[in-house]
Amino acid sequence: MATWKSRGLRGSVLEDMINRTNEKYREDGLALIQKIPTPITPIEIDQKSRHITLAYFEQKSTVDYIGAVQGIPVCFDAKESATDTFSLQNIHAHQVKFMGDFEAQGGIAFFLIYYTTRDELYYLPYEYLKLFWDRAESGGRKSFRHDELNPAYVIPKQDGVMVPYLEVLKIDLQDRD
C-alpha cells in the first residue's frame, strides 16, 4: 500500500479539532472564534472537477483564528510538532508582529501547539513566544525545547471539548493580573 507523502494536509486534523471546539464554544455562548482563510489567486483550474490545481497566496496570512471570548479579543495560530524541539522557522515574522500589535490593543494572542508524539496540546502565550523569538533574533537558539515550557499551560483533556483551550486561557489571564 502506498503512503501519502503530501505535506499539504499537515495540521488539518488539529485544525478540524479546533474548528469543532470553536463550534461548541459558540453554541455554549462562551466564545465566538472564526477561522481566517488565507486569500489565494487561482492560476489553474481543472475544468472537469472544478478544483484549483495551481494557485499562489495573495498576501501573507496573519493568524489562523480571531474572535472574542467573553468580551476579550483573542487571536491565535495552530501548529504541530513531531518532536520535543519546536523550530521557530514554523512561525513567521509578520505573525509575531501582528500578535504583538494585537496585544498592544488589549487583545490576547497565543499559539496552540500539538506535540504529536506526546499526544499533548500546549497553549503558548505570545509573551513566552516573544522571549524565544528575541533569543533567536539575538543569535541564540532558533528553536525551543518542550522542557523550557511552563507545564501550567499544558491543555488538559476534557470530555465534550476536543481542544479545551479556554481552561488555559483563564490561567493566562490570571497570570497577567
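Predicted model: local features only at pLDDT ≥ 70, side-chain atom pairs only at ≥ 80, totals over all residues.
## Charged pairs and aromatic rings

Asp-134 and Lys-130 both belong to helix 3 (residues 126-137), where they sit 4 residues apart, about one turn of the helix. Asp-134 is partly exposed at 35% relative accessibility, and Lys-130 is partly exposed too, at 27%.

The model holds 14 salt bridges in total. One of them joins Lys-35 to Glu-15, with the closest N and O atoms 3.7 Å apart. This pair connects distant parts of the chain, since Lys-35 lies in strand 1 (residues 31-35) and Glu-15 in helix 1 (residues 12-27), 20 residues apart. Another brings together the side chains of Lys-24 and Asp-28, at 2.9 Å from N to O.

Here is how accessible the partners of these last two bridges are:

| Residue | Relative accessible area | Class |
|---|---|---|
| Lys-35 | 31% | partly exposed |
| Glu-15 | 32% | partly exposed |
| Lys-24 | 29% | partly exposed |
| Asp-28 | 43% | partly exposed |

Salt bridges can also join into a network, as they do for Arg-135, Arg-145, Asp-147 and Glu-148.

Lys-35 also leads us to the aromatic residues: its charged end sits over the ring of Tyr-65, 5.5 Å from the ring centre. Tyr-65 in turn belongs to a cluster linked by ring pairs, together with Tyr-25, Phe-76, Phe-110, Tyr-123, Tyr-128, Tyr-153 and Tyr-165.

The count of aromatic pairs comes to 11. In one of them, the ring centres of Phe-76 and Phe-110 are 4.8 Å apart and the planes meet at 10°, so the pair is stacked. Phe-76 is in strand 5 (residues 72-81) and Phe-110 in strand 7 (residues 108-115), so this contact ties together parts that are 34 residues apart in sequence. Phe-76 is buried, with 0% relative accessibility, and Phe-110 is likewise buried at 0%.

Phe-76 has a further partner in Tyr-165: their aromatic pair is tilted, with 5.0 Å centre to centre and 55° between the planes. That pair links distant parts of the chain, with Phe-76 in strand 5 and Tyr-165 in helix 4 (residues 165-176), 89 residues apart. Tyr-165 counts as buried as well, at 0% relative accessibility.

Terms used
Residues numbered from 1 in each chain as written. Heavy atoms only, no water. Salt bridge = Lys/Arg side-chain N within 4 Å of Asp/Glu carboxyl O. Helix = DSSP H or I, 4+ residues; strand = E, 2+ residues; numbered from the N terminus. Buried < 20%, exposed > 50% of the residue type's maximum accessible area, 1.4 Å probe, protein only. Phe/Tyr/Trp six-rings, centres within 6.5 Å; stacked < 30°, edge-to-face > 60°. Lys NZ or Arg CZ within 6 Å of the ring centre and 35° of its normal.
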